[in-house]
Amino acid sequence: MSGTPTFHIRGLSEGTEDGQFMIDAFDASLAQLASIGSGTQWGTTPFAERDGIEERTKVFEQAQRYQKTGEGDPIRMFIIEAEVPASALAELPESVHVRTGDAGEKFLAVGSVMLSKGMFPQYLRPHLGQEALKKELDGTSEYIYLEGLVTDFRTGPWRKGAGAVLIKHAEDFCRERGQRILYLDSYAGNNGKLVRYYEGQGFRVIDHFEQPVPDGLRAFYRKDVEP
């Protein structure tokens with residue numbers, strides 16, 4: 001293929017397939033991250049085998065619930081899909097996630113993201129003693145927090161550009177809800193390669209904080225969203 005694929009972003013489907021896709025996409029990234037010197041970003045243990053998988057499952061179920069009813073914690077999750085010719089699927093691993101549209105189109109899941117209204121990750125709470133983080137997060141819920149952005153390395157060139165499209169979707173999500181601040185945090189090791197990516201997407205680093213291994217040093221970012 002050449003150029004950027006045609007992407008479509010959707011909410012969660014019923015059932016567990018989208019949740020399994022997210023786990024599979026994270027697991028597929030582990031070897032790739034290690035190969036570029038970012039092995040400590042997520043470590044080597046498959047996500048399904050990690051402590052806390054039950055809690056992640058509950059978050060996924062809450063995102064489905066909030067999407068359907070608007071009840072409970074305001075968490076949304078989105079899947080980004082590339083529209084692909086059926087012939088391209090033969091070149092991809094059988095483990096990729098493909099959806100068939102009403103007219104027979106093939107939609108290849110290439111990434112996902114989680115967006116929360118006024119909720120930051122619990123692992124940040126011990127770091128609120130840092131003045132910069134406290135100033136941004138303490139006592140306010142007027143923001144959207146971007147978490148869990150991942151693209152699926154198994155999908156090869158079909159994932160190209162999906163991360164930037166998901167970030168643009170997050171900005172639109174902010175605007176639709178009258179929010180003007182988008183936060184995220186990320187791995188900051190390996191000479192800041194991922195930090196430079198997010199800076200290139202318009203985020204600015206507010207502070208850094210340390211997490212237990214495998215994460216280590218992380219950067220906390222803010223992006224002011226134009227109306």
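This note goes through a few local features of the structure, point by point.

1. The model is predicted, so local features need pLDDT of at least 70 and side-chain atom pairs count only at pLDDT 80 or more, while totals for chains, interfaces and linings use all residues. Residues are numbered from 1 along each chain as its sequence is written, and side-chain values use heavy atoms, with hydrogens and water left out.

2. Aromatic pairs are rings of Phe, Tyr and Trp (its six-membered ring) with centres within 6.5 Å, where planes under 30 degrees apart are stacked, over 60 edge-to-face and the rest tilted; the count comes to 13 such pairs. Among them, Phe-26 and Trp-42 are edge-to-face, at 4.8 Å centre to centre and 70° between the planes. Both Phe-26 and Trp-42 are buried, that is, under 20% relative accessible area with a 1.4 Å probe and protein chains only, where exposed is over 50% and partly exposed lies in between.

3. Trp-42 also meets Pro-214, which is 172 residues away in sequence yet 5.9 Å away in space, C-alpha to C-alpha. Leaving aside neighbours within four places in sequence, Pro-214 is in contact with Thr-40, Gln-41, Trp-42 and Gly-43, contact being heavy atoms within 4.5 Å. Pro-214 is partly exposed, with a relative accessible area of 28%.

4. Phe-203 and Tyr-221 form an edge-to-face pair, with ring centres 6.2 Å apart and planes at 75°. Phe-203 is buried at 4% relative accessibility, and Tyr-221 is buried at 0%. The charged end of Lys-223 sits over the ring of Phe-203, 5.6 Å from its centre, the rule being NZ of Lys or CZ of Arg within 6 Å of the ring centre and within 35 degrees of the ring normal.
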